Amino acid sequence: MKPDSRALRAIVFDLDNTLLRSRIGARQGLLVAAKLIATELKKNGYSYSYLNLFKRLQHIDREMLGRKFLYNRDVWWKTLLHELGIETHFPWIHRITLRYWHTYQSDSPPFRDAEQTVRRIKQMGLKIGMVSDFDGTPGMKRKRIRDVRFHRLFEAIVVSGEDTPRVKPGHESFRLVAKKLRVQPRSCIYVGDNPRTDIAGAEAVGMRTVIVRRKNNQFGNPTYRIPRLRALPPLVRSMRQFRG
Ligand SMILES: [Mg+2]
């Protein structure tokens with residue numbers, strides 16, 4: 001662990017797969033979308049099994065989240081239809097997106113140590129913020145955040161790509177959350193699960209970074225790595241002890 005003498009004033013969290021178990025919700029959401037699309041296509045005379053559509057959607061999901069940073073689910077379903085060679089206008093596309101998010105949300109409960117970790121950090125006298133990416137549907141991310149039962153613990157929330165011009169790893173949202181918390185970015189630590197989106201932007205404005213171990217994620221090269229969220233308060237405590 002690298003010693004660091006900068007004063008620490010705030011911890012800023014990512015939401016999906018850091019505080020919420022979003023991998024299950026994301027999978028269930030895609031499954032619901034595949035079933036609905038199969039049903040709608042059938043009404044229009046096309047016959048596809050929902051499992052076939054689900055597999056294609058899983059591939060599109062990986063492309064959009066992992067490489068293209070395109071989060072508007074309407075675009076995902078249109079991409080699927082385009083791949084199938086179906087170019088007709090389908091007015092039901094956005095309804096699928098709303099059903100997808102409904103399922104995603106109800107199947108993405110907080111990790112068991114999430115609320116307790118955030119409370120402990122707060123009890124240590126630190127400010128608490130959140131930077132989370134736009135979901136591609138206006139207002140959706142804020143709605144999902146409001147439905148997290150401990151969302152009131154967060155003193156500043158920034159939705160990247162909605163409150164700022166760019167999604168993560170664009171650096172604007174990290175600067176903005178520090179401004180809202182009234183602290184210097186260099187006095188903040190950003191905690192996330194995804195090295196592709198959760199390190200570069202935060203470090204560009206001077207924040208230190210923590211990547212938490214999640215199933216199948218990679219650590220990348222953050223300032224600190226932790227095996228689970230509840231390892232965060234001891235890490236913070238040791239950093240403060242080092243300062244004396
Ligand atoms: Mg995440």
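The structure is a predicted model, in which local features need pLDDT of at least 70 and side-chain atom pairs count only at pLDDT 80 or more, while totals for chains, interfaces and linings use all residues. Residues are numbered from 1 along each chain as its sequence is written.

The secondary structure comprises 10 helices and 6 strands; these are DSSP runs numbered from the N terminus, with helices (H or I) of at least four residues and strands (E) of at least two. The radius of gyration of the chain is 19 Å, close to the 18 Å that the globule rule gives for 244 residues, so the chain is as compact as a globular protein of that length. The radius is taken over C-alpha atoms, and the globule rule is 2.2 Å times the number of residues to the power 0.38. Along the principal axes, the C-alpha atoms fill a box of roughly 70 × 35 × 30 Å. Of the 244 residues in the chain, 38% are buried. A residue is termed buried if 20 or more other C-beta atoms lie within 10 Å of its own, exposed if 12 or fewer do, and partly exposed in between, with C-beta atoms placed from the backbone. Among contacts with a separation of 6 or more, 62% join residues 24 or more positions apart; two residues are in contact if their C-beta atoms, placed from the backbone, lie within 7 Å.

The chain is divided into domain 1 (10-21 + 110-243) and domain 2 (23-106), with bounds that come from an automatic or database domain assignment. The C-alpha centres of the two domains lie 29 Å apart. Their contact takes 12 residues from domain 1 and 9 residues from domain 2. On the domain 1 side, the residues that touch domain 2 divide into 3 nonpolar, 3 polar and 6 charged. In this division Ala, Val, Leu, Ile, Met, Phe, Trp, Tyr, Cys and Pro count as nonpolar, Asp, Glu, Lys and Arg as charged, and the others, Gly among them, as polar.

In soluble globular proteins, nonpolar side chains tend to be buried together. A nonpolar core is here a set of buried Ala, Val, Leu, Ile, Met, Phe, Trp, Tyr and Cys residues joined through C-beta atoms within 7 Å. The largest nonpolar core holds 37 residues, of which I11, V12, C188, Y190 and V191 touch the most other members. At least two residues of this core come from each of strand 1 (10-13), helix 5 (114-123), strand 2 (127-133), strand 3 (156-160), helix 7 (172-181), strand 4 (188-192) and strand 5 (208-212). Beyond its neighbours within four places in sequence, I11 is in contact with I121, L126, I128, I189 and V191. Another core, of 15 residues, lies apart from the largest one and includes L30, W76, W101 and Y104.

In helix 5, the buried residues are A114, T117, V118 and I121. These residues lie on the same side of helix 5 because they cover an arc of only 95° around the axis, the arc being that of the directions from the helix axis to the C-beta atoms. Just after helix 5, G125 takes a positive phi of about 90°.

N17, in the loop between strand 1 and helix 1 (22-43), has a positive phi of about 70° although it is not a glycine. N17 is buried, with 21 other C-beta atoms within 10 Å. F69, also not a glycine, has a positive phi near 55° and lies in the loop between helix 2 (50-68) and helix 3 (73-83). F69 is partly exposed, with 16 other C-beta atoms within 10 Å. A cis peptide bond with omega of about 10° joins K168 and P169, and P169 lies in the loop between strand 3 and helix 7.

D193 is placed in the loop between strand 4 and helix 8 (195-198). D193 is buried, with 24 other C-beta atoms within 10 Å. Leaving aside neighbours within four places in sequence, its contacts are D14, N17, T18, D198, I211, V212, R214 and N217.
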